[in-house]
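This report covers aromatic contacts and helix packing in one structure. The sequence and coordinates are shown first.

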Amino acid sequence: MSASTDFDVVDHLIGLRPSDRISAIRDNRPEAREHLQGSFRAFFEPRDDSQFTLRERFAVAAFVACLHGVDAATRFYTDRLLDSGEGSATLLNVVLAESRRSATDGPYGQFRLELAGESTTGSEYVIDSIGSVDVLGERLVAALEHTHLLVFHPRDASRTRLQALLDAGWSTTGIVSLSQLVAFLTFQIRVVQGLQALSASREGDLS
């Protein structure tokens, strides 16, 4: 199974053509374009996925895209999860159901000392459905709960929060890769949202 792509993923998510003005703007920042695409390949075309399987990466990516509510990214990553092998349709259905169940606003979290007044509280996500646990398995249950924490409770992330991942069988290397993937996906999706807004704004100026 491979996520190999011969196209620029951000361009694909936005639906850019080489002749589009936004594409020209991106071309003015070749290093940014290259680094985003390179990061995608590093995460989804890994040389070794023994600590964090490609299927787990697709599941996390689909979950993150759904949490952010970006349709193009959701379609892109859910399609890849769906193509990830036997039982993928059932897994995808559970990931989508859990993303809907865990949808919220945020971010939430607790500040300390002089910033304590800016703290905001929000419910924490726990997968407690027996059906979901059976399909996801212990590793993905812990991974999706941790992913939700990073997306909506980033200030509450701590070493003690990692114990659930360790208890579920994640290695230290796998945990680092998981956290890096969530950070990358969040950044990639925000870039897509920003470029979509810029594209819509420019289209409005021309109308």
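## Aromatic cluster

In this predicted model, Phe-40, Phe-44, Phe-58, Phe-76 and Tyr-77 are joined into a cluster by ring pairs. The structure as a whole holds 8 aromatic pairs. One of them is formed by Phe-40 and Phe-76, with ring centres 6.0 Å apart and planes at 55 degrees.

Phe-40 belongs to helix α3 (residues 30-44) and Phe-76 to helix α5 (residues 71-82), so the pair ties together parts that are 36 residues apart in sequence. Phe-40 has a relative accessible area of 1% and is buried. Phe-76 is buried too, at 4% relative accessibility; the cut-off for this class is under 20%.

## Charges over rings

Which residue lies over the face of Phe-76? Arg-80 does, at 3.7 Å from the ring centre.

A further case involves Trp-170: the charged end of Arg-139 sits over the ring of Trp-170, 4.0 Å from its centre.

## Helix α5

Helix α5 has 12 residues, which should span 16 Å at 1.5 Å a residue. The end C-alpha atoms of α5 are 16 Å apart, in agreement with that value.

Helix α4 (residues 54-68) has 15 residues and reaches 21 Å from its first C-alpha to its last, close to the 21 Å expected at 1.5 Å a residue. Of the 15 residues of α4, 13 are buried, so the helix is largely enclosed by the rest of the structure. Gly-69 follows α4 and has a positive phi, near 70 degrees.

Two packed helices are described by the angle between their axes and the distance between the axes. For α4 and helix α6 (residues 88-101), the axes come within 9 Å and cross at roughly 35 degrees. The crossing of α4 past α6 is right-handed. On the α4 side, the contact is made by Arg-55, Ala-59, Ala-62, Phe-63, Cys-66 and Leu-67. The α6 side contributes Ser-88, Leu-91, Val-95, Leu-96, Glu-98 and Ser-99. An α-helix has 3.6 residues a turn, so residues three or four places apart point the same way.

Notes
Residues are numbered from 1 along each chain as its sequence is written. This is a predicted model: local features need pLDDT of at least 70, side-chain atom pairs count only at pLDDT 80 or more; totals for chains, interfaces and linings use all residues. Side-chain values use heavy atoms; hydrogens and water are left out. Rings of Phe, Tyr and Trp (its six-membered ring) pair if their centres lie within 6.5 Å; planes under 30 degrees apart count as stacked, over 60 as edge-to-face and the rest as tilted. Helices (H or I, at least four residues) and strands (E, at least two) are DSSP runs, numbered from the N terminus. Buried means under 20% relative accessible area, exposed over 50%, partly exposed in between (1.4 Å probe, protein chains only). A charge sits over a ring if NZ of Lys or CZ of Arg is within 6 Å of the ring centre and within 35 degrees of the ring normal. The expected span of a helix is 1.5 Å times one less than its number of residues. Axes are lines fitted to C-alpha atoms, for helices over the stretch in contact, and angles run from 0 to 180 degrees between N-to-C directions. A crossing is left-handed if the near helix is turned anticlockwise from the far one by less than a right angle, and right-handed if clockwise. Contact means heavy atoms within 4.5 Å.
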